[in-house]
Amino acid sequence: MADRTTSSISIAATGPDVMAVIADFAAYPQWASAVRSAEVAGRDADGRPSLVRFSLDAGMIKDSYGLSYQWEDSGVRWDLAEPGSVISAMTGGYTLADDSRGTEVTYDLSVDLRVPLLGMLKRKAEKVIIDTALKGLKARVEGLRTQAAAAGSTQLDTDREEGAT
């Protein structure tokens, strides 16, 4: 699983605001189109999700699996902890960096399936997953910022607190 697919996007928000959305797994079905459910099954010593179980419906790939998470100041990494019936290996992560427009988010992903798939098709599928996730993340973060500004509220602060508890 040495080959990875990577893509980046700029989000008009701070790194902590982006991380709050990434850590809010219960909301993933609202912005990550293939995720049907995400349940936090374990937390680390800091209260951050360390094991999350997902139910996925990405057209031809329907599966349930668990990912283990390692949180860092500049992002989060994950590895497959509980293989599914289709997904046999997965590793990936989000890396955040400040940029002139807010935060640049880089997503890298490598997935192996139990069914053989040509490398070129596998990379194309990973690229679609990454681009869809990045666009969904951007829309979610920037949408919450717009809602919070319009309402004069601190919705992102609330999301950040919920993701850490």
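A: Glu82 and Arg53 form a salt bridge, with their closest N and O atoms 2.8 Å apart. Glu82 belongs to strand 5 (residues 75-82) and Arg53 to strand 3 (residues 49-58), so this pair ties together parts that lie 29 residues apart in sequence. A salt bridge here means a side-chain nitrogen of Lys or Arg within 4 Å of a carboxyl oxygen of Asp or Glu. Strands (E, at least two residues) and helices (H or I, at least four) are DSSP runs, numbered from the N terminus.

This is a predicted model: local features need pLDDT of at least 70, side-chain atom pairs count only at pLDDT 80 or more, and totals for chains, interfaces and linings use all residues. Residues are numbered from 1 along each chain as its sequence is written, and side-chain values use heavy atoms, with hydrogens and water left out.

How accessible is the pair? Glu82 is partly exposed, at 27% relative accessible area. Arg53 is also partly exposed, at 36%. The cut-offs are under 20% for buried, over 50% for exposed, and partly exposed in between (1.4 Å probe, protein chains only).

Now the other charged pairs. Side chains of opposite charge can pair when their charged atoms come close. Searching the whole structure gives nine salt bridges. One of them joins Arg48 to Asp44, at 3.2 Å from N to O. Arg48 is partly exposed, with 28% relative accessible area. Asp44, at 26%, counts as partly exposed too. Lys62 and Asp57 also meet in a salt bridge, at 3.5 Å from N to O. Here the two partners fall into separate classes: Lys62 counts as exposed, at 51%, whereas Asp57 counts as partly exposed, at 26%. Arg4, Arg77 and Asp108 are linked in a network of salt bridges.

Next, the strands. Strand 7 (residues 102-113) pairs with strand 1 (residues 5-11) in the antiparallel sense, over seven bridges. Two strands count as paired if DSSP finds at least two bridges between them. Strands 6 and 7 make a hairpin with two residues between them. Tyr94 has Tyr107 of strand 7 as its bridge partner. In a regular strand the side chains alternate between the two faces of the sheet.

Ser7 is a residue to look at up close. Ser7 sits in strand 1. Ser7 counts as buried because its relative accessibility is 13%. Its side chain makes a polar contact with the side chain of Asp131, at 3.1 Å. A polar contact is a pair of N or O atoms within 3.5 Å; within protein, one must be able to donate a hydrogen and the other to accept it, and residues adjacent in sequence count only if both atoms are side-chain atoms. Leaving out residues up to four places away in sequence, Ser7 touches Val105, Thr106, Tyr107, Lys127, Ile130, Asp131 and Leu134. Contact means heavy atoms within 4.5 Å.

Pro16 is found in helix 1 (residues 15-23). At 47% relative accessibility, Pro16 counts as partly exposed. Pro16 and Thr103 are 87 residues apart along the chain, and their C-alpha atoms are separated by 9.5 Å.
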